[in-house]
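Please keep the sequence and the model in view while reading.

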Amino acid sequence: LKVGRVELQPGRLDSIKRDLLVDDFSSFYCHKTIMQTTGRDGKEVHCAGAAAFLLAAKRINIPMRLAVMQKHLDLNELNSIVHLVDITPPAAEKNRKPDMTPEEHAVSLRTRVIDIWDGIRQSD
């Protein structure tokens with residue numbers, strides 16, 4: 001673990017992977033920008049590790065596609081770091097309600113993303 005990095009709690013990596021795979025618009029923000037250690041206050045970016053995981057899983061999401069289109073992301077360059085990332089599929093979720101279908105879980109996540117987006121737009 002590098003100095004200044006956030007150590008993940010047990011099970012958190014699987015949770016992140018499940019959230020990324022549930023749809024094609026979910027994102028996971030880089031802890032370096034969330035923790036504001038880069039001097040880029042308010043400039044959250046998609047985590048390179050999460051992007052590499054999605055690339056390896058052949059699940060390039062909408063934020064990544066937009067970044068490729070705008071020439072902010074080079075998939076060949078991203079592919080060069082896939083070997084550094086744990087690309088094993090996530091373990092089954094233990095805390096999901098048994099009566100919640102994957103579709104209901106996706107709707108729940110979409111609602112969360114929309115709420116976050118609305119919060120961002122209101123702060124502009």
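The chain exposes about 9100 Å², of which carbon and sulfur atoms supply 56%; accessible areas come from the Shrake-Rupley method with a 1.4 Å probe, and for residues only the protein chains shown count as cover. This is a predicted model, in which local features need pLDDT of at least 70 and side-chain atom pairs count only at pLDDT 80 or more, while totals for chains, interfaces and linings use all residues. Residues are numbered from 1 along each chain as its sequence is written, and side-chain values use heavy atoms, with hydrogens and water left out.

The secondary structure comes to six helices and zero strands, where helices (H or I, at least four residues) and strands (E, at least two) are DSSP runs numbered from the N terminus. Of the 124 residues in the chain, 19% are buried, a term that means under 20% relative accessible area, with exposed meaning over 50% and partly exposed in between (1.4 Å probe, protein chains only). Among the contacts (heavy atoms within 4.5 Å) with a separation of 6 or more, residues 24 or more positions apart account for 59%.

The buried residues of α3 are Ala 50, Ala 51, Ala 52, Phe 53, Leu 54 and Leu 55, and their cover includes α1, α4 (62-69) and α5 (75-79). Leaving aside neighbours within four places in sequence, Leu 20 is in contact with Ser 26, Ser 27, Phe 28, Ala 50, Phe 53 and Leu 54. Just after α3, Lys 58 takes a positive phi of about 55°.

Is Lys 17, by its relative accessibility, buried or exposed? Lys 17 lies in helix α1 and counts as buried because its relative accessibility is 3%. Its side chain reaches the backbone oxygen of Thr 88 at 2.6 Å. Not counting residues up to four places away in sequence, Lys 17 touches Phe 53, Asp 86, Ile 87, Thr 88 and Pro 90.

Ile 62, in helix α4, is partly exposed, because its relative accessible area is 34%.

Notes
Polar contact = N/O pair within 3.5 Å; in protein donor to acceptor, adjacent residues only side chain to side chain.
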